Amino acid sequence: MRHQGGGALFGLLGLLLPVFFPSLFSPLSHASPSVFSEWNAPKPRHLHLLKSAVERQSSDSVQNELWNPLSDQGWRPCIQTTNTPSLPEKSQGYIQVFLDGGLNQQRMGVCDAVAVAKILNATLVIPYLEVNPVWQDSSSFGDIFDVEHFIDVLKDDIRIVRDLPDEFSWSTREYYATAIRPTRIKTAPVRASVNWYLENVSPVLQSYGIAAIAPFSHRLTFDNLLMDIQRLRCKVNFKALIFVPHIRTLGDALVNRLRYPSDDSRATAGNYLREVTDSTAKEAGKFVVLHLRFDKDMAAHSACDFGGGKAEKLALAKYRQVIWQGRVLNSQFTDEELRSQGRCPLTPEEIGLLLAALGFDNTTRLYLASHKVYGGEARISTLRKMFPLMEDKKSLASAEERAQIKGKASLLAAVDYYVSMHSDIFISASPGNMHNALVGHRTYESMKTIRPSMALLGQLFLNKNISWSEFQEAVIEGHKNRQGQIRLRKPKQSLYTYPAPDCMCGLYLGKK
């Protein structure tokens, strides 16, 4: 009897475990974290610093300095072309581009596509956005960006059409996926020159009236281009690409709730108008956006140790083998070597310690911009201890408000981008496309943006004997000139990250 009862109990557990703990039984994939990554949450790795950070106090003078906007650096947005924009009488044909990657990589691809269309005197078809293999988001250009605004802003620069005319209706993604086609350009080199496009794409346009370029990400150089072409890219990025109305409406609601927190437990769609009306009687609060780029892909690809012990190391090694067949350059280095070189992404705990050392106290309103954090809430909890007023899309908006963006990574990222562009301060835990896009956009608008010194922080966190005062002093000193100051673009660097001098006019051209 005892044996039968035990068997029944184990049978019942076998049925219930997948229901209550589905992550334990999920297949290994980009979107499904492994057992070890989320279930066995590591303990804080910097307890000696964390204790001081939680108990910290910040003076009024430090707070005022933190929240002060950037001082005038003598640079202004400057995207006017040297010649009056005009369209040639006849287009040379149609240009199609197929863009892969996430939202911000696609955004840069759109800017490059406009520039290529201008160079070739071609008509641009609204770009096709490939389904992201990681997040499986099938959102189209028109689902994310305001197409009418895009066409209107650029109407004097290039011709743009939503769809191909009937005579070219055969030119589809499916058509190019089934065989080699003479109208497809698939050999465009990374950072291709103007001459490459004139020599390789222009003849295809002349022969067939259409050219489809795929892949297209990062396929136009940043150097040796006419100033008018560079400024056109800036015009697309900073003026022509705005999000669709429902993204902007939700973004405005989130910004409003961060600046004017409600006394109610949570705001809902039904009382948004009341919030907007009431906000006029309050003083606007300030908030920081933290882009916490700490997903499973990044953690695995970095090959760094994040404190999860042997189980986590094995899980991430297995993930690297499945996704990249083990071909990860960082795997040949030790964790200490990687950290000292600044090649490890900051964990939620570490980015929290950085913010605390800079002077942000526990009354700071923090908006968390991220799609999925490796380790889930268990790993974020340490950050929340330091910043209890931390919010995100889910905590600020009702399920009804989030219905249109639910499960759509590009739209979720668009909301985060919009909120980030309306924050007082932006900081990203690690470099990446969103970091680069926002650093460039906020530089263009002269907004305060903190760029963590990865190498400095890696070395500080390796020192287990460092005191809080020593840590804080080193952090403040190391980030004095990393808060949005103008940095002139160097050869081969992206103007989407470094908009000066291509997109900006400066009074002090000697600045570096």
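**A friendly note on this predicted model**

1. Let's start with the sheet: 5 strands form an open sheet with parallel pairing, in the order β10-β9-β8-β11-β12. Strands here are DSSP runs (E, at least two residues), helices are DSSP runs too (H or I, at least four), and both are numbered from the N terminus. Two strands pair if DSSP finds at least two bridges between them. At the edges sit β10 (390-391) and β12 (449-450), each pairing on one side only.

2. Now the source notes. This is a predicted model, where local features need pLDDT of at least 70 and side-chain atom pairs count only at pLDDT 80 or more, while totals for chains, interfaces and linings use all residues. Residues are numbered from 1 along each chain as its sequence is written, and side-chain values use heavy atoms, leaving out hydrogens and water.

3. Look next at β9 (residues 365-369), which pairs with β10 over 2 bridges in the parallel sense. Y367 stands opposite E391 in β10.

4. Last, find the helices α22 (residues 454-462) and α23 (residues 468-478), which pack at about 175 degrees with axes 11 Å apart. Axes are lines fitted to C-alpha atoms, for helices over the stretch in contact, and angles run from 0 to 180 degrees between N-to-C directions. The pair is therefore roughly antiparallel (an angle over 145 degrees). L456, L457, L460 and F461 of α22 meet F471, A474, V475 and G478 of α23, where contact means heavy atoms within 4.5 Å.

How values were computed: Angles under 35 degrees count as roughly parallel, over 145 as roughly antiparallel, 65 to 115 as roughly perpendicular and the rest as oblique.
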